[in-house]
Amino acid sequence: MIKKASFFVSLALSAVLSTTVNASQNDKNKLPDIGAAGGSILSLEKERLIGNAMMKHLRASSPILHDPVLNEYINDLGNGMVKYAKDVHYGFEFFIIRNQEINAFAFFGGHIGIHSGLLTTAETESELASVIAHEISHVTQRHLARRLEAQSRNQPLTMAGMISGVLLALVNPTVGMAAISTSMAATQQAGINYTRGNEKEADRVGISLLANSGFDPNAAPAFFGKMAEKYRYTSKPPAMLLTHPLPESRIADARLRAQSMRQQPVAPSKSFRLAKARIEARYESNARDNILRFQSKIDKKQYAYKEAMLYGLALSYFEDNQFEKAHDTLLPLLNADTNNLFYVDLMSDVLIKQKRFDRAIAMLSGLNLLMPNNQVVALNYANVLKEAGQYAQSEVILQDYLLLNPDSFIAHDLLTTVYRKQNKTALMHMSKAEVFGLLGAYSKAVDELQTGYNFAKDMPLAKKRIRAKILQFQDQENKLKRLN
């Protein structure tokens with residue numbers, strides 16, 4: 001499925017980019033937009049279209065963490081800074097890729113990806129926030145559009161190739177730099193020089209944004225310095241240093257800029273520590289080793305928050321199928337902080353394994369009234385109801401959630417299962433089509449819808465919805481075929 005999805009998404013990306021290139025060539029005698037930088041090549045609307053296509057490509061080809069708890073955390077952190085940023089033209093989406101490389105990247109349409117290795121490497125939330133503020137600044141300053149505009153003056157026909165190469169370089173710099181080199185050819189050095197200018201501007205804007213958002217501005221040069229020192233003599237630097245080079249002059253400039261900002265004490269972040277513990281316990285190493293490591297840190301009092309170490313220990317017990325120990329370790333934490341979504345999510349999983357559905361439903365139903373359509377609460381609630389065999393109620397929760405979050409991969413996937421459990425075959429295929437659509441696999445999506453139509457004999461409303469959706473996906477597919 002993934003290979004076919006990647007193929008269709010690549011075509012979709014090419015379709016959008018080809019339209020962009022042709023439009024820019026046809027309009028080459030027009031004066032550029034005096035507004036935001038890069039406007040003469042890519043309008044804000046085109047950036048959104050390309051960004052959405054790129055996001056589908058990543059869903060289909062990269063290990064994005066579909067983890068509601070971490071999604072909630074990283075989007076709260078990122079969007080908490082976006083509200084202090086200038087020149088914000090669209091909503092931002094932050095997501096985490098399961099990759100222990102230290103890296104973060106931004107691309108069209110306000111999409112910002114963070115490698116899990118960055119979260120586990122950062123020692124404070126201000127350090128993590130400094131990197132995210134830098135990436136936000138790349139977006140608000142429209143650096144990618146400006147870079148491509150500069151390169152396209154000499155090689156306008158390679159626009160699609162350059163954008164594809166840029167995306168590859170952002171996600172996997174070691175491979176992607178070669179792709180960019182091939183596309184850029186003679187303009188490679190100009191592109192690199194332009195990027196250095198982007199980095200300075202993103203540092204300037206980002207450090208200011210960091211301070212205005214209530215974080216320690218000194219975290220930026222401190223993290224830069226640690227990264228540069230640690231990997232100074234290594235033959236294989238981390239991904240982040242390939243796309244964000246750190247010469248001494250850049251670190252010195254960042255340090256001077258941070259010192260000119262208003263200094264303020266920043267309290268340690270419990271949520272940051274819980275996020276680190278979650279990644280380490282669930283996505284890194286093995287459960288037995290993690291149990292020993294978290295227990296050792298607790299015994300030696302090597303922690304900023306003991307609760308985070310206990311949470312990591314409970315999660316490690318869960319991953320090792322020691323559900324009673326996970327429950328007993330987690331329960332005091334949850335009793336002391338009943339609305340903490342890290343604890344709620346894990347307790348939901350533990351109670352499912354223990355088949356204590358009534359208790360899980362009681363916990364989540366109350367939270368659902370307090371936090372309606374919160375992704376952690378709603379998705380866990382729907383999942384517990386599904387596991388308890390209460391399919392109709394689970395369906396209602398998911399449908400309500402999808403009204404406000406139509407691009408939720410987890411919700412569509414859960415709803416597909418719920419429909420199958422109820423033998424609602426037509427609706428199951430419709431929901432499965434949405435999953436394929438989020439991966440850019442439009443042909444597969446149409447196949448699912450056509451199959452669903454055959455099962456919708458006595459469902460006139462569903463038939464209308466299926467026909468409309470088929471036309472929408474076929475329109476996308478026809479645009480791709482016209483390129484051949």
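Which residues have the most contacts inside the largest nonpolar core? They are Ile-114, Leu-128 and Tyr-311, and the core holds 113 residues. A nonpolar core is a set of buried Ala, Val, Leu, Ile, Met, Phe, Trp, Tyr and Cys residues joined through side-chain atoms within 4.5 Å. Buried means under 20% relative accessible area, exposed over 50%, and partly exposed in between, with a 1.4 Å probe and protein chains only. The largest share of this core, nine residues, comes from helix H17, residues 341-353.

The model is predicted: local features need pLDDT of at least 70, side-chain atom pairs count only at pLDDT 80 or more, and totals for chains, interfaces and linings use all residues. Residues are numbered from 1 along each chain as its sequence is written, and side-chain values use heavy atoms, with hydrogens and water left out.

The chain has 24 helices and three strands. Helices (H or I, at least four residues) and strands (E, at least two) are DSSP runs, numbered from the N terminus. Of the 484 residues in the chain, 54% are buried. A contact means heavy atoms within 4.5 Å. Among contacts between residues at least 6 apart in sequence, 65% join residues at least 24 apart.

Not counting residues up to four places away in sequence, Leu-128 touches Tyr-73, Ile-74, Leu-77, Ile-114, Leu-118, Leu-119, Ala-122 and Phe-272. Apart from this core lies another, of twelve residues, among them Met-55, Phe-95, Phe-105 and Phe-108. In soluble globular proteins, nonpolar side chains tend to be buried together.

Aromatic rings come next. The structure holds eight aromatic pairs. Rings of Phe, Tyr and Trp (its six-membered ring) pair if their centres lie within 6.5 Å; planes under 30 degrees apart count as stacked, over 60 as edge-to-face and the rest as tilted. The pair of Phe-95 and Phe-107 is edge-to-face, because the ring centres are 6.4 Å apart and the planes are at 65 degrees. Phe-95 belongs to strand E1 (residues 93-97) and Phe-107 to strand E2 (residues 104-107), so this pair ties together parts twelve residues apart in sequence. Both Phe-95 and Phe-107 are buried. Ring pairs also link Phe-95, Phe-105 and Phe-107 into a cluster.

Tyr-311 and Phe-342 form another edge-to-face pair, 5.9 Å centre to centre with 80 degrees between the planes. Since Tyr-311 lies in helix H15 (residues 306-319) and Phe-342 in helix H17, the pair ties together parts that are 31 residues apart in sequence. Tyr-311 counts as buried at 0% relative accessibility, and Phe-342 is buried with a relative accessible area of 6%.

Helix H23 covers residues 442-454, and its 13 residues should span 18 Å at 1.5 Å a residue; the end C-alpha atoms are 19 Å apart, which agrees. The expected span is 1.5 Å times one less than the number of residues in the helix. Among the buried residues of H23 are Tyr-442, Ala-445 and Leu-449. Tyr-442 and Gln-474 are 32 residues apart in sequence, yet 7.5 Å apart in space, C-alpha to C-alpha.

How far can the coordinates be read? The chain averages a pLDDT of 81, and 76% of the residues score at least 70. This score is the predictor's confidence in each residue, from 0 to 100. The pLDDT stays under 50 over residues 156-160 and over residues 173-194. Where pLDDT is low, the predicted coordinates should not be read in detail.
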